[in-house]
Amino acid sequence: MNKQDIAKYIYDYAKEHYEDGGWDVIVECWTIDDIANTLEDDETQEEALEGFKSVAAVHAERQADAMNCW
């Protein structure tokens with residue numbers, strides 16, 4: 001799989017999990033090209049997904065903190 005295919009997979013995964021803590025930020029703020037540009041040359045689809053799960057988790061934590069401020 002090339003970077004564009006992996007990036008599309010990540011973006012589609014984010015769309016499917018839009019309501020699941022932080023993935024909405026990936027959908028709303030990242031393009032497929034943005035995602036592709038962050039991937040390593042030899043990164044697998046599974047490795048890329050794990051990396052973006054970490055990104056989504058950071059955004060989910062920030063969203064939770066923002067909700068707790070009210």
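The model is predicted: local features need pLDDT of at least 70, side-chain atom pairs count only at pLDDT 80 or more, and totals for chains, interfaces and linings use all residues. Residues are numbered from 1 along each chain as its sequence is written, and side-chain values use heavy atoms, with hydrogens and water left out.

## Overall architecture

The protein chain has four helices and zero strands, in the order α-α-α-α along the sequence. Helices (H or I, at least four residues) and strands (E, at least two) are DSSP runs, numbered from the N terminus. Of the 70 residues, 31% count as buried; buried means under 20% relative accessible area, exposed over 50%, and partly exposed in between (1.4 Å probe, protein chains only). Contact means heavy atoms within 4.5 Å. Among contacts between residues at least 6 apart in sequence, 69% join residues at least 24 apart.

## Aromatic pairs

The structure holds two aromatic pairs. Rings of Phe, Tyr and Trp (its six-membered ring) pair if their centres lie within 6.5 Å; planes under 30 degrees apart count as stacked, over 60 as edge-to-face and the rest as tilted. The rings of Tyr-13 and Trp-23 are edge-to-face, because their planes stand at 70 degrees, with the centres 5.0 Å apart. Tyr-13 belongs to helix α1 and Trp-23 to helix α2 (residues 23–29), so this pair ties together parts that are 10 residues apart in sequence. Tyr-13 is buried at 18% relative accessible area, and Trp-23 is buried at 6%.

The rings of Trp-30 and Phe-52 are also edge-to-face, with centres 5.1 Å apart and planes at 80 degrees. This pair links distant parts of the chain, 22 residues apart: Trp-30 is in the loop between α2 and α3, and Phe-52 is in helix α4. Trp-30 is partly exposed at 22%, whereas Phe-52 is buried at 5%.

## Charged residues

A salt bridge is a side-chain nitrogen of Lys or Arg within 4 Å of a carboxyl oxygen of Asp or Glu. By this rule, the count comes to three.

| Salt bridge | N to O distance |
|---|---|
| Lys-3 and Asp-41 | 3.0 Å |
| Lys-8 and Asp-12 | 2.9 Å |
| Glu-50 and Lys-53 | 3.4 Å |

Lys-3 is partly exposed at 31%, and Asp-41 is exposed at 72%. Lys-8 and Asp-12 both lie in helix α1, four residues apart, about one turn of the helix. Glu-50 and Lys-53 are three residues apart in helix α4, and about one helical turn separates them.

Glu-43 is found in the loop between α3 (32–38) and α4 (45–68). Glu-43 is buried yet has no salt bridge, and the nearest side chain of opposite charge, Lys-3, is 7.5 Å away. For charge, Lys and Arg count as positive and Asp and Glu as negative; His and the chain ends are not counted. The side chain of Glu-43 reaches the backbone nitrogen of Glu-40 at 3.0 Å. Leaving aside neighbours within four places in sequence, Glu-43 is in contact with Ile-6 and Ala-48.

Methods: Polar contact = N/O pair within 3.5 Å; in protein donor to acceptor, adjacent residues only side chain to side chain.
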